[in-house]
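User: I have a chain to go through with you. Can we start with the pockets and move on from there?

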Amino acid sequence: MTDYLAVLTTTDSAVAAAVLARSAVSARLAACAQVDGPVTSTYWWQGAVETAEEWRITFKTTAERYPALEAHVKAAHSYDTPELVATPITAGSAEYLAWLSAAVAP
């Protein structure tokens with residue numbers, strides 16, 4: 001298992017994305033959160049294909065802090081089933097990864 005993760009979610013507005021990004025970083029659940037968008041998402045939902053404009057948030061965190069970040073996103077998110085996908089960070093500069101670890105230390 002990797003020690004570092006990039007975690008992806010999406011929201012329905014720039015304001016919601018900014019609030020979620022700031023709240024996760026303020027709680028030290030992520031070292032940083034990058035918001036981009038809008039993006040167009042096409043997906044199955046409740047038996048139909050839907051298309052929506054969304055804003056993407058990428059959080060950088062540690063595997064140790066992931067469960068708390070997941071709980072935070074689920075509690076704060078407006079979606080019934082928010083996207084939460086964690087991708088391992090397999091390499092990075094030693095200085096950046098040390099900063100990431102320190103930024104999310106409880």
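User: How do the residues lining the largest pocket divide into nonpolar, polar and charged?
Analyst: This is a predicted model. In it, the lining of the largest pocket has 7 nonpolar, 4 polar and 6 charged residues.

User: What volume does that largest pocket have?
Analyst: About 360 Å³. Its lining counts 17 residues, and T10, Y43, E54, Y79 and T81 are the closest to the centre. β1 (4-11), β2 (32-45) and β3 (48-62) are the elements that each give two or more residues to that lining.

User: Which element gives the largest share?
Analyst: β2, with 5 residues.

User: Switching to T9. Which strand is it in?
Analyst: T9 sits in β1.

User: Buried or exposed?
Analyst: Buried, because T9 has 0% relative accessibility and the cut-off for buried is under 20%.

User: What does the T9 side chain reach?
Analyst: The backbone oxygen of E83, at 2.6 Å. Beyond four places in sequence, the contacts of T9 include L20, W55, F59, V73 and H77. P82 and E83 are also among them.

User: What radius of gyration does the chain have?
Analyst: 14 Å. A compact globule of 106 residues would be near 13 Å, so the chain agrees with that. The C-alpha atoms fill a box of roughly 45 × 25 × 20 Å along the principal axes.

User: How much of the chain is buried?
Analyst: 36% of the 106 residues. As for contacts with a separation of 6 or more, 73% join residues 24 or more positions apart.

Notes. Residues numbered from 1 in each chain as written. Predicted model: local features only at pLDDT ≥ 70, side-chain atom pairs only at ≥ 80, totals over all residues. Heavy atoms only, no water. 1 Å grid on protein atoms, 1.4 Å probe; cavity = no way out; pocket = protein on both sides within 12 Å on 5 of 7 lines; lining within 4 Å. Points joined across faces, edges and corners; volume = space filled by probe spheres on them. Helix = DSSP H or I, 4+ residues; strand = E, 2+ residues; numbered from the N terminus. Nonpolar A, V, L, I, M, F, W, Y, C, P; charged D, E, K, R; others polar. Buried < 20%, exposed > 50% of the residue type's maximum accessible area, 1.4 Å probe, protein only. Polar contact = N/O pair within 3.5 Å; in protein donor to acceptor, adjacent residues only side chain to side chain. Contact = heavy atoms within 4.5 Å. Rg over C-alpha atoms; globule rule 2.2 N^0.38 Å.
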